[in-house]
Amino acid sequence: MEARGERFLRQRQVLFLFVFLGGSLAGSESRRYSVVEETERGYLIANLAKDLGLGVGELAVRGAQVVSKGNKQHFQLNHQTGDLLLHEKLDREELCGPTEPCILHFQILLQTPLQFITNELQVIDVNDHSPVFFENEIQLKLLENTPPGTIIPLENAEDLDVGRNSLQNYTIAPNAHFHVLTRSRRDGRKYPQLVLGKALDREEQPELILTLTALDGGSPPRSGIAQIHILVLDINDNAPEFTQSLYEVQILENSPINSVIVTVSASDLDTGNFGTVSYAFFHASEEIRKTFQLNPITGDIQLVKYLNYEVMNTYELDIEAKDGGGLSGETTVIVQVVDVNDNPPELTLSSITSPIPENSPETVVAVFSVSDLDSGDNGRIMCSIENNLPFILKPSIENFYTLVTNTALDRETRAEYNITITVTDLGTPRLQTQHHMTVTVSDVNDNAPAFSHTAYTLRVRENNSPGLHIGRVSAADRDAGANAQVTYSLLPPHDPRLPLASLVSLNAATGQLFALSSLDFEALRAFEFRVGAADRGSPALSSQALVRVLVGDANDNAPFVLYPPQNGSARCPELVPRAAEAGYLVTKVVAVDGDSGQNAWLAYQLLRATEPGLFGVWAHNGEVRTARPLSARDAVRHRLLVLVKDNGEPPLSASVTLHVLLVDGFSQPYLPLPAAAAAEARADPLTVHLVVALASVSSLLLVAVLGFVAVRLGRRSRAAAGGGCSLPEGPFAGHLLDVSGAGTLSHSYQYEVCLTGGSGTNEFKFLKPIFPNGLVQDTETKAKLQF
């Protein structure tokens, strides 16, 4: 079925061409069928197969189709039975309108062989529409003296049906005074005419209501109605009359706009339009029309313009009252204006001086005059200004005044004055006028720039990058314009040795300070200088401020070990008796740091040891002590690596190596250092430079020391040839051993100076301190320095 439907749609596109061009192909007679409108869908119109003389099913074989004008599907063809059915309900009025008869043309198309059969369908009208008036209510106005026989045309009704079913006639009820005639137009439409049959009397019956009915000829007939409202109009036989022939009224000249000053009233004995009265000015001047307004309905006279007694004090108004028939009456209104104090004083400014320079007393600021249009007390005037202003008013001749400064003005205190001049008359009530003016004060360079602080303290960390912004000085000038434009400068320092030009620079416009070079805390911890601020006034004023720059320390110096010396010479070992108890002071590492503060706080740490756990280093003072008692099983030689670290961020450190030799009392011969250590000592030439430097400073002391050392070297040549340090032959006294474990050194220190001979490099050796009350046992073998 879908394929057949698509085929049907494609074929319909070309059917109309064949319908109009294939008249010559039509081979059958035209037939006319009929159907009543509003017939239901599916109604059997005719059997086409029978009418065309075709057998059952032949229509389908020949491809029969129904084609309607306008491509509308009003019909449906059953190919199996040959029945022509109504496809949709038909509305004759919609299809043909007023045309009668209503004929629908359609064609039967037989495709095989091609043949057209033209047919017609007549749609028969039924009475399905009632007559309808365009307006349900008709308004008519008739004079009571309208003569009988007068014809009044009325609006007609419309009926969509045709023939007998269309509109046929009109009727009216009740019909005591009127009757209706039904007339026909050339096109057949019928319209009514109302005819007055009896004279009207407004006093007897002022209005009539009639019902107009339109009837059609259907069976049963249909109808439509409309109401006719007839208003009987009175004839104009009475003129309007005013209640007063003359109105007199007094009004204050300050009466507000739109106020009603008087109401005139007239009456008319007639009714309706003839009894309706309207009011208007009669022979009124342009000034009266601009000043007053007359309400044409109520008779109210209103003000539309302010009155002025000084200009005009009396008005005479002529008023006309007219009814709807054209009859009129007249009256006169006399308006007397009462004088009041309605004119405020006026101020006329002649000149004004602004701005005025500060510090200038008795300066004329403004000149003005005052006036009042009123007279008497209403025209007398007083002038005043605020009491808290440094100005006064001085009267002059002919109502002229001058505004003068009372004292010298200070722009920095107040740069602008808003002055209100009040002018008041002496009328009742008193009226006043205020004039506002703004007076500005021009600047004079009477204020020097003032720094926000008399002294500035700036802090900058050392090792800064050149050009670093380190701070800003700021000065403000209370003046204005060029007098307040501040320029900054560096002033020559009091200390001529301070290279200020190479240390800082100053932005002359903003007061920003920049470090020109990298500062070193160890070389320059603080410096100060003065800056100046000058304005651009004439003459220029200036001021000074002190700037102190504090250089902050940075951790840029690593700890430096003073003892044991790090000069590369052969280091003499620290001698520790095996009888030493725990806490025995072996030696003390002495170090310094060029920084300050927490960057110079040093901490000591034992990194490596030949035998861990035997020695320890105190973290805060660098003292190296035994951690436990010594035993025979402990090695003779020990090497300790001590780390010295500061408390900076990041921390810096240095390390030192200590050699410790365990002896059975100090009578044991000194054990030489390993050959590698001796070679290392000889390889470092720094020791030579240190010895030379010390010799140049203390030549006499060194001569004495060398003499004692020469005697000692002669006796112990073999020990000197080994590159070691000289050791005492005999046992030390018992009081030389530090077994107290107190962890501190005594107040007086004695150090043994040992010089090596032979191929070894000379060095100083600081021995362990001995008690200050000890005696020297062997003056021939030891030379001691006491500090």
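In this predicted model, Phe242 is buried, with a relative accessible area of 15%. Tyr279 is likewise classed as buried, at 8% relative accessibility. The rings of these two residues, Phe242 and Tyr279, form a tilted pair, with centres 6.1 Å apart and planes at 50°. This pair connects distant parts of the chain: Phe242 belongs to strand β17 (residues 241-242) and Tyr279 to strand β21 (residues 278-281), 37 residues apart.

**Aromatic pairs**

A pair of aromatic rings is described by the distance of the centres and the angle of the planes. Across the whole structure, a search finds eight aromatic pairs. Among them is the tilted pair of Phe133 and Tyr170. It also links distant parts of the chain, since Phe133 lies in strand β8 (residues 132-133) and Tyr170 in strand β12 (residues 167-173), 37 residues apart. Phe133 is buried, with a relative accessible area of 6%, and Tyr170 is buried at 4%. The two tilted pairs are set out below.

| Pair | Centre to centre | Angle between planes |
|---|---|---|
| Phe133 and Tyr170 | 6.3 Å | 50° |
| Phe242 and Tyr279 | 6.1 Å | 50° |

**Charges over rings**

Two arginines are placed over aromatic rings. The charged end of Arg185 sits over the ring of Tyr191, 4.5 Å from the ring centre. Arg625 lies over the face of Trp618, at 5.3 Å from the centre of that ring.

**The nonpolar core and Phe451**

In soluble globular proteins, nonpolar side chains tend to be buried together. The largest nonpolar core of this model comprises 26 residues, and those with the most contacts inside it are Phe451, Val473, Phe529 and Val547. The elements that contribute two or more residues to this core are β35 (455-461), α6 (500-503), β39 (504-506), β40 (512-515), β41 (526-534) and β42 (542-552).

Phe451 also forms one aromatic cluster with Tyr456 and Tyr488. Apart from its neighbours within four places in sequence, Phe451 is in contact with residues including Tyr456, Val473, Tyr488, Val531 and Ala545. Other contacts of Phe451 include Ser474, Gly532, Ser543 and Gln544.

**Cysteines**

A disulfide is a covalent bond between the sulfur atoms of two cysteines. The search of the whole structure finds one disulfide, which joins Cys96 to Cys102 with an S to S distance of 1.8 Å. The torsion about its S-S bond is about 65°, so the disulfide of Cys96 and Cys102 is right-handed. Both Cys96 and Cys102 are buried. Cys383 is buried as well, with a relative accessible area of 19%, a value under the 20% limit for that class.

Key. Residues are numbered from 1 along each chain as its sequence is written. This is a predicted model: local features need pLDDT of at least 70, side-chain atom pairs count only at pLDDT 80 or more; totals for chains, interfaces and linings use all residues. Side-chain values use heavy atoms; hydrogens and water are left out. Rings of Phe, Tyr and Trp (its six-membered ring) pair if their centres lie within 6.5 Å; planes under 30 degrees apart count as stacked, over 60 as edge-to-face and the rest as tilted. Helices (H or I, at least four residues) and strands (E, at least two) are DSSP runs, numbered from the N terminus. Buried means under 20% relative accessible area, exposed over 50%, partly exposed in between (1.4 Å probe, protein chains only). A charge sits over a ring if NZ of Lys or CZ of Arg is within 6 Å of the ring centre and within 35 degrees of the ring normal. A nonpolar core is a set of buried Ala, Val, Leu, Ile, Met, Phe, Trp, Tyr and Cys residues joined through side-chain atoms within 4.5 Å. Contact means heavy atoms within 4.5 Å. A disulfide is a pair of cysteine sulfur atoms within 2.5 Å.
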